[in-house]
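I set out to record what I looked up in this structure. The entries follow in the order in which I made them.

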Amino acid sequence: VLFRGGGGALAGGQCWGGGPMSRDHLSVKPTLEAWEARAQPGEPLVTYQLGGARSSYYLGDLEAIGTSAAFVERFKQPSRFFAVIPVSALPTLNYEIRRGTQPRQNLHVLEDRSSRYLLVSNQLKDGEAERSVIAKAILEGKPKPIYPTVVNDESGAKQYPLFDGKVQLLGYELYHADEVDAQGDPTEEARARWQARKNQGEAPVFKTGERMVIRYVFKVLKRISTSYKLFLHVDYPGSRINGDHDPILGKLPTTQWLPGDYLVDTQWVEIEPGSSSGEWTMYMGFFSGNNRMKVTPRSAHDGVDRVKLGTIQIEAF
């Protein structure tokens, strides 16, 4: 294999880093192979903030971009390019790209098998799968969740629950774990089934011991200066299933949510074996330490800034 680089060719061969070839999750090899398989002539590979990794001979000849500002300018050029970036750099780099492009765009992830490196590009071609959790969580246009969370305010007007005047909860969706992919996206058939059940007034039913997938749909109205977690309380008399988590699988903190964006946050919740059979009530909200985001209007929460989502039926397996 011959890995093409911006400053010349990268030698492939019998070893990487002095040892036999392997697809170890720490290696950059799958990342480079993915670029080799996709790149057309004139579509270079660069690196971004790799630090000590650039001492490796197979990255040393590549153009290095050291700042997010320089990367954003390169991103906006019409020609396609690829980059190897640290996994940890994706959230902030994607945030800077979205702030610096109009209309807003995302950095596309094409290869993520390595636990250290990602292959990214400014363009996604037909037939290429988007592997960025962030890009898939930011929706185009106003979505229509299966379970909308519309309430009436004090004047009788319909509103969505609003957190600190900055984020609206538009609704949510529920799925069984085998109905979604690794990033939580449901199949079209699964979504149609759940929509039909909701239209027929059927309660969501889950078995003890299985994992419930819940997808929250938000609209961002204003910048959020605090990094909040989400909480989920699934309550039954004398029992609770907790679902505290960082939003967007820990990849997009609330401080990087941009006004005007529609977001979907997905979490997997284990319904513990031995959970009581019956009707459980779901509540959610945002918190940081001991503080919760304030919910308005009053009809949207239970008095302690928890939005009531609805109920599910839990049955013994």
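**Pocket**

The model is predicted: local features need pLDDT of at least 70 and side-chain atom pairs pLDDT 80 or more, while totals for chains, interfaces and linings use all residues. Residues are numbered from 1 along each chain as its sequence is written, and side-chain values use heavy atoms, without hydrogens and water.

A pocket here is an open set of points on a 1 Å grid over the protein atoms alone, where a 1.4 Å probe fits, with protein on both sides within 12 Å along at least five of seven lines; lining residues have an atom within 4 Å of a point.

I listed the lining as Arg98, Arg104, Gln105, Asn106, His108, Glu130, Ala135, Ile138, Leu139 and Glu140.

**Sheet**

I then traced an open sheet of 5 strands, in the order 6-5-7-9-8 with mixed pairing. Strands are DSSP runs of E, at least two residues, and helices runs of H or I, at least four; two strands pair if DSSP finds at least two bridges between them. Strand 6 (63-65) and strand 8 (108-111) each have a single partner strand, so one side of each lacks a neighbour in the sheet.

I found strand 5 (residues 45-48) parallel to strand 6 and joined to it by 3 bridges. Tyr48 has Ile65 in strand 6 as its bridge partner.

**Helix**

I noted that helix 2 (residues 68-75) packs on the sheet, touching strands 5, 6, 7 and 9 (contact means heavy atoms within 4.5 Å).

Terms used
Axes fitted to C-alpha atoms, helices over the stretch in contact; angles between N-to-C directions.
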